[in-house]
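Let us read this model together, one feature at a time.

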Amino acid sequence: MKAGIKKQGVEFIVTDEYREWIALIKDKIKSSQIKASIKVKQGTIRALLAYWRGYCKPAKTFKMGRGSFAADEH
């Protein structure tokens with residue numbers, strides 16, 4: 001089954017093989033996004049556990065104008 005896309009005088013034939021390739025790429029992208037999300041969540045959990053266990057102190061946040069910055073307490 002072939003479908004064509006025509007735009008500004010250029011025709012591109014969409015084949016079943018092309019559709020399968022696009023589906024494979026979409027699956028790989030989704031898988032990578034899920035893996036990245038899991039890594040971020042694991043890092044957040046580790047940081048929270050370290051804070052709760054007293055391994056680190058939270059930084060004070062100062063607001064100035066449009067932005068903010070953090071200063072460590074020593």
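**A salt bridge along a helix**

A: Arg19 and Asp16 lie 3 residues apart in helix α1, so about one helical turn separates them; helices here are DSSP runs of H or I with at least four residues, numbered from the N terminus. This is a predicted model, in which local features need pLDDT of at least 70 and side-chain atom pairs count only at pLDDT 80 or more, while totals for chains, interfaces and linings use all residues. Residues are numbered from 1 along each chain as its sequence is written, and side-chain values use heavy atoms, with hydrogens and water left out.

Q: What does Arg19 form with Asp16?

A: Side chains of opposite charge can pair when their charged atoms come close. Arg19 forms a salt bridge with Asp16 (a side-chain nitrogen of Lys or Arg within 4 Å of a carboxyl oxygen of Asp or Glu), and their closest N and O atoms are 3.3 Å apart.

Q: What should the 37 residues of helix α1 span?

A: The expected span of a helix is 1.5 Å times one less than its number of residues. For helix α1, residues 16-52, that gives 54 Å, and the end C-alpha atoms are 54 Å apart, which agrees. Gly54, whose phi is positive, near 85°, follows α1.

Q: Where in the chain is confidence lowest, and where is it highest?

A: Where pLDDT is low, the predicted coordinates should not be read in detail. On this scale, the predictor's confidence in each residue from 0 to 100, the lowest mean, 51, belongs to strand β4 (residues 67-71), and the highest, 91, to α1; strands are DSSP runs of E with at least two residues.
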